[in-house]
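Hi,

Here is the structure I promised to pass on.

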Amino acid sequence: MMPTPIRIGAYPTPIQHFGAAGLWIKRDDRVSDLYGGNKVRKLEHLLGGARAAGKTRLLTLGAAGSHQVVATALYGKREGFTVEAVLVPQPSSEHARQNLRAALAQGLRATVASSWPAAPAVVASRLGRDAYFVPLGGSNALGSLGFVEAAKELAVQVAEGAMPEPDVVVVAMGSGGTAAGLAVGLELAGMRTRVVGVAISQPVAVLGAMARRVAAKTAELVGLSRGARGRAIARIEVDKRWLGRGYGHSTREGEAAAREAERAGVTLDVTYTAKAFACALDLARAKERVVLYWHTLSSAPMEPLLVGAPEALPSHLAALFR
């Protein structure tokens, strides 16, 4: 029996038509006035899993400026959990530093790993009987159930006339759980829509493998037949054209996409969403008839989350930004 999710989001999130004729935006940035984005749907199920297991501490993993770490710290604290994260270095930006300060303001206990290869051993050292592990990006079969539900939500909105059925949904792809859940949910809903995950880090082949592995496990969890599981996995495509220098580095195309989105009231970040939106624009202009960009960055104001945050990061955490 699957655990009961802890509801923290407001649904359905709206759909907005963008200026390009065939481009639409699913506004998951507005899933919560407190802190939105794609982590909310996943955390609802993961927090439910932690509570059902009787755990009191959440342990997660992410880059130093991870949005998922912020969301886990915020909503975990709100639900009465102690929250700890193993943090890995990343390129420095004001946005990433602000994220870490906001997480610390929520009471996050931060442990440093010197690199991604070193992280599993550090995570293992912090596990205990009281701990529930929230995976990188919240991306496992349980977390991805949030996006199975999201795809069903989209199907209802399409049926109600909010937008035409998309040929493709475009999402930023870091840990793969969002794309995986959408692919399974679209199969369940009987839609034809493909899922394009825009790679935001290396190695790209690993990102695709992670997404397809999570999709397979999620499909099994919801009871899809073997044939339907295969069709769900086959919906996932990985686009590496927008990666640039890699994780945390902006690209010229992403910066241009961010300026274009800003004119429509949509704020993007250079690490994830600007690259994904650049891909969506390209598809809408050149290749696809109906494109849905799934916006995964919170648009809630950060100022309330920074109350009580350290003005300067402790030296061992500041050293994570390179």
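The lining of the largest pocket divides into 18 nonpolar, 18 polar and 3 charged residues (Ala, Val, Leu, Ile, Met, Phe, Trp, Tyr, Cys and Pro count as nonpolar, Asp, Glu, Lys and Arg as charged, and the others, Gly among them, as polar). By pocket I mean an open set of points on a 1 Å grid over the protein atoms alone, where a 1.4 Å probe fits, with protein on both sides within 12 Å along at least five of seven lines; lining residues have an atom within 4 Å of a point.

This is a predicted model, with pLDDT of at least 70 needed for local features and 80 or more for side-chain atom pairs, while totals for chains, interfaces and linings use all residues. Numbering runs from 1 along each chain as its sequence is written, and side-chain values use heavy atoms, without hydrogens and water.

Of the 39 residues lining the largest pocket, Gly174, Ile200, Ser201, Tyr247 and Tyr272 lie nearest its centre. Elements that each supply at least two lining residues include α1 (39-52), β3 (57-63) and α7 (204-221); helices (H or I, at least four residues) and strands (E, at least two) are DSSP runs, numbered from the N terminus.

The second largest pocket is lined by 5 nonpolar, 7 polar and no charged residues. Helix α3 (residues 94-105) gives the largest share, 3 residues. Among the lining residues are Tyr35, His67 and Met302.

Two cis peptide bonds to look at: Tyr11 to Pro12, omega about -5°, and Gln202 to Pro203, omega about -10°. Pro12 sits in the segment before β1 (15-17), and Pro203 in the loop between β8 (194-199) and α7.

Best wishes
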